[in-house]
Amino acid sequence: MSGPLLEIAGLTVDLPGADGELRRVVHGLDLTLAAGERVALVGESGSGKSVTAAAVLQLMTEARLGGSIRLDGRELLGMRPRDLRRVRGAEVGMVFQDPLTALDPVVRVVDQVAEVLVVHGEGRRAARLRAREVLDRLGVLGRLPRGDGYPHQLSGGMRQRVGIAMAIVAGPRLLIADEPTTALDVRVQEQVLTLLDDLTRERGTAVLLITHDLGIVAGFAERVAVMRSGRLVETAGVDQLFAAPQADYTAQLLAAVPRIDADLPGTTS
């Protein structure tokens, strides 16, 4: 059908505070993604980026959500849990920020990736074969003892690749990547982003990238949405946003990015 793949309209998220009272952390957010499009949702820590990402798949049981989240025209808010489980993984995959806590330490890596397919009706043997194919494609299989093993036997970068494998193994049309490179060094960050870039281009997957790193945004996204204190302050094409930000907050974010061509304090050009 025509129209956006993902359409978020008037989204509100209320979460309980320390006193148990609900507090609004996302205020009427509007955002769309077309099929195959790459959109970065950026802002400082606490701006509501990750909460928004989790709201799409309703991963926070304590949250009260309002507004509308439509995937290919279907409303996700209020969807029956059984139907929502069919969406998770199969239609929308998610790469989490911390691969160590996102993976089960007592389940073998291949089985964790295969379980995504098993949940959606694939036979276990076929699911394991497909999981091994994806892990091999991501360069993980050869790092596992005898072709399998546990998350603690892998480096942080390899664990994040396992997280990517779990997110893409069922061939979702939308991938949400929540700060996928935060815990990684610069070299491994580049490797992970290159993999995401290659895999999503091959499959025509839409990507919602959650990040505070504008350097990553410049090389990956087509469009950028900027959040501050739970509100969307600006949305623009990536080139337009970097060249001429409209919101003062966006300009401040860009000004905070270190530049290699800038003079160091105490030096003259």
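A charge is said to sit over a ring if NZ of Lys or CZ of Arg is within 6 Å of the ring centre and within 35 degrees of the ring normal. In the predicted model shown above, Arg38 lies over the face of Phe220, at 4.4 Å from the ring centre. Pairs between aromatic rings, by contrast, are absent: a search of the whole structure finds 0 of them.

The account may begin with the sheet that contains strand S1. Strands of a sheet pair through backbone hydrogen bonds, either parallel or antiparallel. Here, 4 strands make up an open sheet with antiparallel pairing, and their order is S2-S1-S4-S5.

Arg70 stands opposite Glu75 in S5. Helix H1, made up of residues 49-56, lies across S1, S2 and S4 and runs at about 110° to S1.

Leaving aside residues up to four places away in sequence, Thr12 touches Arg24, Val26, Gly28, Arg64, Leu65 and Gly66. Asp30, 18 residues from Thr12 in sequence, has its C-alpha 9.8 Å from that of Thr12.

Two of the residues that Thr12 touches, Arg24 and Arg64, also take part in a network of salt bridges with Asp14. Side chains of opposite charge can pair when their charged atoms come close. For Asp14 and Arg64, the N to O distance in the salt bridge is 3.0 Å. Asp14 lies in strand S1 (residues 6-16) and Arg64 in strand S4 (residues 64-71), so this pair ties together parts that are 50 residues apart in sequence. What is the surface exposure of Asp14, buried or exposed? Asp14 counts as buried, at 4% relative accessibility. Arg64, in turn, has 48% relative accessibility and counts as partly exposed.

Salt bridges occur elsewhere as well, and a search of the whole structure finds 16 of them. One of these joins the side chains of Arg74 and Glu91, with an N to O distance of 2.3 Å. Arg74 is in strand S5 (residues 74-75), whereas Glu91 is in the loop between helix H2 (81-87) and strand S6 (92-95); the pair, 17 residues apart, links distant parts of the chain. Arg74 is partly exposed, with a relative accessible area of 34%, and Glu91 is likewise partly exposed, with 24%. Another salt bridge brings together the side chains of Arg124 and Glu115, at 3.3 Å from N to O. Arg124 counts as partly exposed at 44% relative accessibility; the relative accessible area of Glu115 is 33%, and Glu115 is partly exposed too.

Strand S9 spans residues 223-228 and is mostly covered, with 5 of its 6 residues buried. Strand S3 (residues 38-42) runs parallel to S9 and is joined to it by 4 bridges; Leu41 has Ala225 in S9 as its bridge partner. Strand S10 (residues 231-237) runs antiparallel to S9, with 6 bridges between the two, and Val224 stands opposite Ala236 in S10. How many residues lie between S9 and S10 in their hairpin? There are 2 residues between them, and Ser229 in the turn has a positive phi of about 50°.

Note on methods: Residues numbered from 1 in each chain as written. Predicted model: local features only at pLDDT ≥ 70, side-chain atom pairs only at ≥ 80, totals over all residues. Heavy atoms only, no water. Salt bridge = Lys/Arg side-chain N within 4 Å of Asp/Glu carboxyl O. Buried < 20%, exposed > 50% of the residue type's maximum accessible area, 1.4 Å probe, protein only. Pairing = 2+ DSSP bridges. Contact = heavy atoms within 4.5 Å. Axes fitted to C-alpha atoms, helices over the stretch in contact; angles between N-to-C directions. Phe/Tyr/Trp six-rings, centres within 6.5 Å; stacked < 30°, edge-to-face > 60°.
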